[in-house]
Amino acid sequence: MKNGLTKKQLADYEQLCRDRNSGRVLTPDGLRLICAACNYDTEAIGKHFLELLPKICPQ
């Protein structure tokens with residue numbers, strides 16, 4: 001453990017970096033953009049995420 005991280009922690013960090021670089025991490029600005037695009041309609045926001053869920057979390 002030269003760098004203070006376990007192999008699992010390093011693998012998790014690398015996955016997080018890949019996800020961030022591929023646009024799969026939702027930032028506060030991204031959330032604001034989605035809410036604004038849905039006119040802050042809670043049903044529309046919920047529908048958007050429910051439609052998105054199978055694409056980002058395939059079974």
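Is K8 buried or exposed? K8 is exposed, with a relative accessible area of 55%; buried means under 20%, exposed over 50%, and partly exposed in between, with a 1.4 Å probe and protein chains only.

The structure is a predicted model, in which local features need pLDDT of at least 70 and side-chain atom pairs count only at pLDDT 80 or more, while totals for chains, interfaces and linings use all residues. Residues are numbered from 1 along each chain as its sequence is written, and side-chain values use heavy atoms, with hydrogens and water left out.

The protein has 3 helices and 0 strands, where helices (H or I, at least four residues) and strands (E, at least two) are DSSP runs numbered from the N terminus. The order of elements from the N terminus is α-α-α. The radius of gyration is 16 Å, well over the 10 Å that the globule rule gives for 59 residues, so the protein is more spread out than a compact globule. That radius is taken over C-alpha atoms, and the globule rule is 2.2 Å times the number of residues to the power 0.38. Along the principal axes, the C-alpha atoms fill a box of roughly 50 × 25 × 15 Å. Of the 59 residues, 10% are buried.

Helix α1 has 15 residues and reaches 21 Å from its first C-alpha to its last, close to the 21 Å expected; the expected span is 1.5 Å times one less than the number of residues. Just after α1, G23 takes a positive phi of about 75°.

Side chains of opposite charge can pair when their charged atoms come close. A salt bridge is a side-chain nitrogen of Lys or Arg within 4 Å of a carboxyl oxygen of Asp or Glu, and the count here is 4. One of them joins K8 to D12, at 2.9 Å from N to O. K8 and D12 are 4 residues apart in helix α1 (residues 7-21), about one helical turn, and D12 is partly exposed at 40% relative accessibility. A second case is K47 with E51, whose closest N and O atoms are 3.9 Å apart. Both lie in helix α3 (residues 42-56), 4 residues apart; K47 is exposed at 52% and E51 partly exposed at 48%. R24 also pairs with D19, at 2.8 Å between the closest N and O atoms.

V25 is found in the loop between α1 and α2 (28-37) and is partly exposed, with a relative accessible area of 37%.
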